[in-house]
Amino acid sequence: MSDDTPTSPQPTAQPTPPGDGAADATVVQPAATGTEGAAAGSGGAGKKIGFGIAGALAVAAIGGGAYAFTQLSGGGTQPHDVLPADTVAYVRLDLDPSASQKVDLFRLAKRVPDLSKELGIEDEDDDLRKLVLEDALGDCKDVDYDRDVEPWLGERIGLGIGSNFEDEEEVIRIAVQVSDEDAAKKGIAKLFACNDEDYGIGFLDGYAIVTPSQKSATAAVKAAEKKPLADVEQFTAAQDALDEQGVMSGWVDVKSGVEAAKKAGIDEELGGDAAELDQITDEVSSVAFALSASSTSLHFDAVARQGDEPSEVPEIRGLGALPEDTVVGLTVPGGGKAVEENWDELKSGVQDLLELGPALGFVPGLSGGAAAGPVGPPVEFDADAYAADPEGYQQEYLDQLEQQSSGGGLGGSQAPDVEDTLAEIEQTLDVTLPEDLVTLLGDAFTVYVGSEGLETLASAQGPSDPSEVSTGLVMEGDEAKASDLAGRLVATVQKLAGVEIATADGDDAVSLATSPEVAESLVKDGGLGGSDRFSSVIDEDAKGGGLFVDVSTILDTVENAEPDLAEDEVFTGLRNIEAVGISGTRPDDGYRGFSLAVAFTEKK
């Protein structure tokens with residue numbers, strides 16, 4: 001091995017027998033990178049991977065989407081095929097996804113021309129990897145993208161976190177797809193030499209495996225030959241639950257990660273918070289996510305494998321049952337059960353908020369209005385003192401808040417007791433807590449805003465009569481209890497605000513709305529689930545709850561009410577968005593998940 005030219009070393013390949021003859025495995029001893037003459041493969045303590053270089057490679061991979069549009073092959077070896085099975089966290093970027101994904105990505109990019117212009121994309125043949133990586137290389141004057149990177153950089157990159165948290169050299173592994181091993185050896189050596197950082201490198205099935213030391217790189221290649229992450233049952237099950245892997249995906253083995261953290265003593269550093277780690281693994285054993293595209297929208301999907309104590313979500317009507325003219329729909333499932341099971345914790349949280357009142361200069365109350373008068377100047381936050389000593393001043397500030405809230409500060413006022421506050425709420429609103437809150441949230445609690453009368457909401461004056469707008473809420477669960485609560489709430493609103501509220505009963509659902517017509521429509525099966533705009537951002541009918549926002553209709557209404565906004569730069573940017581949706585999903589085999597989607601408007 002020669003180390004005369006560290007920016008372009010001549011490594012000696014050391015073939016390692018493949019697992020069964022199917023994979024091409026090579027481990028390489030790189031030359032020293034100039035850190036006091038230490039060889040990169042020495043495995044010295046304290047050596048860390050070149051995160052700046054790894055980040056640059058990742059950014060280049062993310063930015064190379066346009067380059068991938070013309071490569072319609074799809075398939076092939078993925079990073080999880082060459083990373084070891086003991087990986088507990090994994091992120092993958094794939095610039096050669098399925099052909100349909102690449103076509104959809106290009107069509108989607110055309111819907112947001114301002115973004116394409118900002119990124120410098122002129123057509124589908126542009127290599128965004130070059131645009132982004134040349135900027136990311138920064139001061140690495142000895143590295144030329146066309147000469148040192150482009151000839152070997154492939155389409156995929158993966159970052160894996162190993163389970164040995166006790167040894168920093170064993171934790172991080174980066175798998176970079178390469179098209180030319182010899183060119184990759186030289187190019188990667190130049191990248192690390194530019195940052196004066198040590199590294200180790202090996203090759204397996206078309207990928208360079210880069211780690212903090214040669215010892216860990218050799219070990220990672222051998223471990224992946226024996227059993228890769230792709231052969232871990234829990235990992236493959238999570239990928240199946242996601243359906244589409246898209247251009248980016250990831251996975252976290254929560255249970256194994258927590259066990260690794262405990263073994264490394266991280267739980268001891270957390271102190272009392274360590275107990276929360278066990279609670280997390282009781283509820284979730286692993287999490288997976290993916291970013292994908294359709295021709296009109298971008299989707300982020302995530303699934304969680306239920307742990308030892310899986311939660312149950314009741315069967316509900318879903319957002320798709322709302323009226324077709326819905327511009328904002330929100331459904332929260334299982335709220336009643338959550339309140340019932342966690343009432344003491346909720347009360348404790350309310351008490352904490354009440355105790356902050358005197359320190360902030362007010363005491364909440366209902367009988368005298370929204371709040372009682374000020375009790376003294378609030379504790380002021382000294383930004384300069386915080387900047388000089390963040391940790392020390394933070395504790396000092398919290399001590400001041402605690403002193404004033406306990407009566408020792410200016411004003412000497414005591415915070416209201418949570419029991420007294422809840423009793424006052426019960427008397428004022430004619431409710432019983434927590435029972436009526438459990439009924440209100442029930443199996444599901446839904447909020448609806450329709451398009452009718454939306455222009456009055458958007459105007460500066462607002463509606464003169466609530467019945468002019470289409471708004472309401474739906475309680476699902478015990479119909480008898482919900483109907484009784486609705487009657488009392490109607491009477492309370494009439495008494496306190498002089499506003500008439502309509503109610504309607506349906507199949508295990510009770511609604512309150514601004515008009516009888518709206519109330520009736522909310523307990524029937526509406527047509528929202530059949531609209532194209534809804535289905536472009538919502539998973540099926542959102543049986544697990546969710547949020548739907550018809551951004552395009554709202555912006556049309558706002559612009560009609562306030563025409564000057566059409567010239568506003570932020571408003572114009574929002575015009576690229578047609579709808580936003582967040583929906584709860586229920587994959588099979590013990591998984592629960594959610595989907596976040598944004599649909600973009602078509603440019604004529």
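Two rings of Phe, Tyr or Trp, the six-membered ring being used for Trp, count as a pair if their centres lie within 6.5 Å. By this rule the structure, which is a predicted model, has 6 aromatic pairs. A pair of aromatic rings is described by the distance of the centres and the angle of the planes. For phenylalanine 192 and tyrosine 199 the centres are 4.6 Å apart and the planes stand at 25°, so this pair is stacked. The cut-off behind that word is an angle under 30 degrees. Both residues are also buried: phenylalanine 192 has a relative accessible area of 3%, and tyrosine 199 has 2%. Elsewhere, Tyr90, Phe235 and Trp251 form one aromatic cluster.

Consider next the chain as a whole. It has 25 helices and 18 strands. Of its 604 residues, 43% are buried. Contacts between residues at least 6 apart in sequence can be sorted by how far apart the partners are along the chain, and 69% of them join residues at least 24 apart.

Tyrosine 199 leads from the aromatic rings to the nonpolar core. The largest such core has 24 residues, and Tyr199 is among those with the most contacts inside it, together with Trp152, Ile188, Ile201, Ala208 and Val210. Which elements give two or more residues to this core? They are helix H6 (145-149), strand S4 (153-161), strand S5 (172-178), helix H8 (181-194), strand S6 (200-204) and strand S7. The largest share, 5 residues, comes from H8.

Two of these elements can be looked at through single residues. Alanine 183 is in helix H8. With a relative accessible area of 21%, alanine 183 is partly exposed; the cut-off for buried is under 20%. The C-alpha atom of alanine 183 is separated by 7.4 Å from that of aspartate 148, although the two residues are 35 residues apart along the chain. Threonine 211 lies in strand S7, which covers residues 207-211. Is threonine 211 buried or exposed? Its relative accessible area is 0%, so threonine 211 is buried. The side chain of threonine 211 reaches the backbone nitrogen of alanine 217 at a distance of 3.0 Å.

Strand S4, which gives residues to the core, also takes part in strand pairing. Strand S3 (residues 89-94) pairs with S4 in the antiparallel sense, over 6 bridges. Within this pairing, tyrosine 90 stands opposite glycine 160 in S4. S3 has another antiparallel partner, strand S8 (residues 248-252), with 5 bridges between them. Here valine 91 has glycine 250 in S8 as its bridge partner.

At the N-terminal end, aspartate 478 caps H21, with a side-chain oxygen 3.2 Å from the backbone nitrogen of alanine 480. Just after H21, glycine 498 takes a positive phi of about 70°.

An α-helix has 3.6 residues a turn, so residues three or four places apart point the same way. With this in mind, look at the buried residues of H21, which are Ala482, Leu485, Ala486, Arg488, Val490 and Thr492. What do the buried residues of H21 pack against? Their partners are helix H18 (418-429), helix H19 (435-441), strand S13 (471-476), strand S14 (502-505) and strand S15 (509-513).

Some of the loops between these partners have backbone details of their own. The loop between H18 and H19 holds proline 434, and the peptide bond from leucine 433 to proline 434 is cis, with omega near 10°. Aspartate 430 is found in the loop between H18 and H19 too. Its phi is near 60°, a positive value in a residue other than glycine. At 42% relative accessibility, aspartate 430 counts as partly exposed. In the loop between S14 and S15 lies aspartate 508. Although aspartate 508 is not a glycine, its phi is positive, at about 55°. Aspartate 508 is partly exposed, with a relative accessible area of 43%.

Notes
Residues numbered from 1 in each chain as written. Predicted model: local features only at pLDDT ≥ 70, side-chain atom pairs only at ≥ 80, totals over all residues. Heavy atoms only, no water. Phe/Tyr/Trp six-rings, centres within 6.5 Å; stacked < 30°, edge-to-face > 60°. Buried < 20%, exposed > 50% of the residue type's maximum accessible area, 1.4 Å probe, protein only. Helix = DSSP H or I, 4+ residues; strand = E, 2+ residues; numbered from the N terminus. Polar contact = N/O pair within 3.5 Å; in protein donor to acceptor, adjacent residues only side chain to side chain. Core = buried A, V, L, I, M, F, W, Y, C linked by side-chain atoms within 4.5 Å. Pairing = 2+ DSSP bridges. Contact = heavy atoms within 4.5 Å.
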